[in-house]
Amino acid sequence: MNTVSKPSPATPKKWLRVGGTILVVAALWILFPPFGIVSLDEDGKIPSQSNAEVFDPTAFVETFWKGKLEPRFESATKVAVLVEALSDDLAGAVETYGIRQGDVGPAYFLTQGEATIVALKGRRATLAIGKSEVNLLIAPPVFGNTVRDGTGLLNLNDFPGLEEFNVVSATLNHKVETEVMQTLGGNLEVGTRLRFVGCGKAPSSLGDGPIAEFIPLFVEVVQ
């Protein structure tokens, strides 16, 4: 006669293994859930998204330009004073008139004045300042952070992050290209006298030719 063997009861070790597996799965489920639970606001939006302020660089630049930058024009260093200081003592001029982002990095100048065009070459007009010369950029493109950092009015710590700080730089450059430079109309010639406000990077050394180069924040032909 055949007999049917009954399954042996689970041993304590087997139950321990099963229990351990369950605990591991439960822990993984808690740490790495396959879905997320997010509380929605009354409009059905995620609070962090619905309440976040979106940074608008164009609006920021317009407000900054009118409210802070233009009032700064009148107190910018006179170009004749700056050029004379650079000619006499480059390091001293940088120490006295230079603008920096923090304690390190390149120095910039913010200057204003009148000068006569003595040469035109490509995107640049060479202006006579006493016995010296400077270049003024008169046509696009505008590169780098000279406009942003040369104002001395903007600081990285005032922005949500580096991305916004850099976008503001590009937006300022675009404003110079499309608005400031366009006021000249491209009808300049040697002998034309310009009134301008400009910012430029301090030269590392002085040699032959223009002593510095400036990007205009304001420029007009003196009638």
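**Entry 1: the whole chain**

I began with the surface, and the protein exposes about 14,300 Å², of which carbon and sulfur atoms supply 56%. I note here that this is a predicted model, and I read every value below as computed from it. Of the 223 residues of the protein, 33% count as buried. I then looked up the secondary structure and found 7 helices and 6 strands, which run from the N terminus on in the order α-α-α-β-α-α-β-β-β-α-α-β-β. For contacts between residues at least 6 apart in sequence, I recorded that 67% join residues at least 24 apart.

**Entry 2: helices H4 and H5**

I next turned to a pair of helices, since two packed helices are described by the angle between their axes and the distance between the axes. Helix H4 covers residues 79–88 and helix H5 covers residues 90–97, and I found them packed at an angle of about 140°, with their axes 5 Å apart. That angle makes H4 oblique to H5, because only angles over 145 degrees would count as roughly antiparallel. On the H4 side I listed Val 81, Leu 82, Ala 85, Leu 86 and Asp 88, which meet Leu 90, Ala 93 and Tyr 97 in H5. Sorted by class, this contact of H4 with H5 has 7 nonpolar residues, no polar ones and 1 charged residue.

**Entry 3: Arg 124 in strand S3**

I looked up Arg 124, whose place is in strand S3, residues 124–129. Its relative accessible area is 28%, so I put Arg 124 down as partly exposed. Not counting residues up to four places away in sequence, Arg 124 touches Ala 119, Asn 135, Leu 136, Leu 137, Ile 138 and Glu 213. With Glu 213 there is also a polar contact of 2.6 Å, which joins the side chains of the two residues. I checked Pro 140 as well, which is 16 residues from Arg 124 in sequence and 9.9 Å from it in space, C-alpha to C-alpha.

**Entry 4: the Pro 140 and Pro 141 bond**

Having come to Pro 140, I looked at the peptide bond that joins it to Pro 141 and found it to be cis, with omega at about 0°. Pro 141 is found in the loop between strand S4, residues 132–137, and helix H6.

**Entry 5: Arg 148 and Ser 169**

Which residues does Arg 148 touch, beyond those up to four places away in sequence? I found Leu 154, Phe 165, Asn 166, Ser 169 and Leu 172. Arg 148 itself lies in helix H6, residues 146–150, and it is buried, with a relative accessible area of 5%. A polar contact of 3.2 Å joins the side chains of Arg 148 and Asn 166. Ala 170 is 22 residues from Arg 148 in sequence, and I noted 8.6 Å between the two in space, C-alpha to C-alpha.

I then followed the list to Ser 169, which is found in helix H7. Its relative accessibility is 2%, so Ser 169 counts as buried. Leaving aside its neighbours within four places in sequence, I found Ser 169 in contact with Gly 144, Asn 145 and Arg 148.

**Entry 6: Thr 192**

I traced its side chain to the backbone oxygen of Glu 189, which it reaches at 2.9 Å. Leaving aside neighbours within four places in sequence, I recorded contacts of Thr 192 with Ala 115, Thr 116, Ile 117 and Val 221.

**Entry 7: Asp 208**

Glu 133 is 75 residues from Asp 208 in sequence, while in space I noted 9.8 Å between them, C-alpha to C-alpha.

Methods:
Residues numbered from 1 in each chain as written. Predicted model: local features only at pLDDT ≥ 70, side-chain atom pairs only at ≥ 80, totals over all residues. Heavy atoms only, no water. Polar contact = N/O pair within 3.5 Å; in protein donor to acceptor, adjacent residues only side chain to side chain. Contact = heavy atoms within 4.5 Å. Axes fitted to C-alpha atoms, helices over the stretch in contact; angles between N-to-C directions. Helix = DSSP H or I, 4+ residues; strand = E, 2+ residues; numbered from the N terminus. Parallel < 35°, antiparallel > 145°, perpendicular 65-115°, else oblique. Nonpolar A, V, L, I, M, F, W, Y, C, P; charged D, E, K, R; others polar. Buried < 20%, exposed > 50% of the residue type's maximum accessible area, 1.4 Å probe, protein only. Areas by Shrake-Rupley, 256 points an atom, 1.4 Å probe, with all protein chains shown as cover.
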